[in-house]
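This report is written for a reader who is new to protein structures. Please look over the sequence and the model before reading on.

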Amino acid sequence: MYQKEIKQSNENIVFHSIYFTENSFSIPDLTKITNMTFPTIKRVLNEFLKKDIIKEWTLSTGGVGRRAVKYKYNPDFCYSIGVSIDEEKIRFIVINTIGKILQSKEIETTDENFLIFFERNLKYFIEEIDPKYLAKVIGVGISIPGIYNKENHFLEFNNIDRYESSIIKKLEENIKLPIWVENEANMSILAEAIIGKHKDLADFTVISINNKVTCSTFYKFGNKSEDYFFKASRVHHMIVDYENKKKVGDCISFKILKDKILEAFPNIKNLDKFFSNKKYKESKTGKKILDEYLTYMGIILKNLLFTYNPKKLIISGELSQYGNYLLDDILNIVYEKNHIFYRGRETISFSNFKGSSSIIGAALFPIVDNLM
């Protein structure tokens with residue numbers, strides 16, 4: 001291995017070690033964690049001090065003689081832009097390195113040429129970013145409901161618009177920032193794996209329920225920061241009801257649920273009012289809508305449990321905003337009496353990102369790819 005590659009690998013390992021702690025640390029602490037020598041750790045930390053990745057914190061207490069200098073990770077040493085796209089809207093955020101959202105914006109899509117519309121509004125958002133953040137932005141991550149096929153060099157923003165992947169290079173040149181693009185399920189799983197409540201798990205599956213239904217699996221197979229992979233599957237198009245020729249997306253997409261509820265209860269404007277008010281949720285019509293929706297969801301979740309046998313199956317996407325209202329009913333459907341799943345009810349949970357996992361994952365992508 002070339003010397004430069006060794007240096008980069010050492011910096012990545014140390015960064016990975018300090019990124020996941022809120023506590024202060026010393027050089028001796030990191031030598032124990034990483035098994036690197038004192039001089040190597042000292043060299044890396046000196047580089048990190050120059051780049052503002054860490055700050056000197058305090059001198060450690062106790063012991064005899066000279067006390068070790070303590071350091072602390074600086075989550076604001078750089079920032080990243082996240083974008084999520086669907087057929088109805090585009091969302092933009094700026095985050096620091098641990099996922100704290102600092103600025104955000106949402107716009108509705110139009111019938112205008114999508115690429116022109118998207119580039120113009122991305123530029124507008126970048127212009128609106130606080131200069132103190134913009135000066136340290138390292139890239140843009142974009143979450144799409146379609147696919148990014150690197151082997152065949154194309155990407156799909158939706159089921160209709162397919163583009164040559166070369167458009168990414170052109171967009172990078174126009175906005176003067178590097179760009180990362182991935183499927184929304186992979187972006188969701190990245191957020192869960194890096195800063196989510198189940199980040200310590202070695203394998204789990206995420207089903208992302210937005211206007212499209214996507215799924216991704218995560219596996220960590222070693223102790224190094226790069227020893228993991230995730231892979232999305234296009235569950236949106238899987239047949240779940242052969243008799244009526246219904247696909248997964250026809251049955252459990254967030255759009256399907258939202259449209260049915262708003263059509264049945266025209267006096268409410270959003271799902272918050274439906275779920276928080278028993279007058280709607282527990283009415284005959286409300287129960288019928290939810291029973292049908294959750295029945296299909298039960299079928300799909302069972303199939304995912306049988307297929308992947310994950311340690312955790314996380315439901316993310318816009319539906320996760322209403323997880324508190326739905327979880328018990330879902331568990332009762334999936335884990336019926338004498339079920340034969342390897343694991344129990346604790347396997348299924350809703351994401352704690354409340355509908356923002358894919359955009360937060362998108363924003364994290366440049367940080368993870370550059371530094372971890």
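The sections below go from the whole protein to single strands and residues.

## Basis of the report

This is a predicted model, in which local features need pLDDT of at least 70 and side-chain atom pairs count only at pLDDT 80 or more, while totals for chains, interfaces and linings use all residues. Residues are numbered from 1 along each chain as its sequence is written, and side-chain values use heavy atoms, with hydrogens and water left out.

## The whole protein

The protein has 14 helices and 18 strands. Helices (H or I, at least four residues) and strands (E, at least two) are DSSP runs, numbered from the N terminus. Along the principal axes, the C-alpha atoms fill a box of roughly 75 × 55 × 40 Å. The radius of gyration, taken over C-alpha atoms, is compared with a globule rule of 2.2 Å times the number of residues to the power 0.38. For 372 residues a compact globule would have a value near 21 Å, and the 23 Å of the protein agrees with this.

Of the 372 residues, 52% are buried. Buried means under 20% relative accessible area, exposed means over 50%, and partly exposed lies in between (1.4 Å probe, protein chains only). The protein exposes about 19,200 Å², and carbon and sulfur atoms supply 50% of that area. Accessible areas come from the Shrake-Rupley method with a 1.4 Å probe; for residues, only the protein chains shown count as cover. Among contacts (heavy atoms within 4.5 Å) with a separation of 6 or more, 60% are between residues 24 or more positions apart.

Two strands pair if DSSP finds at least two bridges between them. β12 is joined to β13 (residues 213–220) by 7 bridges, and the two run antiparallel. They form a hairpin with 3 residues between them, and Asp 203 stands opposite Tyr 219 of β13. β12 is also joined by 4 bridges to β17 (residues 313–316), in a parallel arrangement. In that pairing, Ile 207 stands opposite Ile 315.

Tyr 219 lies in strand β13. Its relative accessibility is 30%, so Tyr 219 counts as partly exposed. Together with Phe 221 and Phe 229, Tyr 219 makes a nonpolar surface patch of about 320 Å².

## A sheet of three strands

An open sheet has the strand order β8-β9-β10, with antiparallel pairing. β8 (148–149) and β10 (162–164) are at the edges with a single partner strand each, so one side of each has no neighbour in the sheet. β8 and β9 (residues 154–156) are joined by 2 bridges, and Asn 149 stands opposite Phe 154.

## Ser 357 in helix α14

Ser 357 belongs to helix α14, which covers residues 357–371. Is Ser 357 buried or exposed? Its relative accessibility is 1%, so Ser 357 counts as buried. Leaving aside neighbours within four places in sequence, Ser 357 is in contact with Met 187, Ser 188, Ala 191, Glu 192, Ser 316, Gly 317 and Ser 351. Leu 305 is 52 residues from Ser 357 along the chain, and their C-alpha atoms are separated by 21 Å.

Key:
Patches are made of residues with over 30% relative accessible area and no salt bridge: like charges are joined within 9 Å, nonpolar side chains (Val, Leu, Ile, Met, Phe, Trp, Tyr) within 5 Å. A salt bridge is a side-chain nitrogen of Lys or Arg within 4 Å of a carboxyl oxygen of Asp or Glu.
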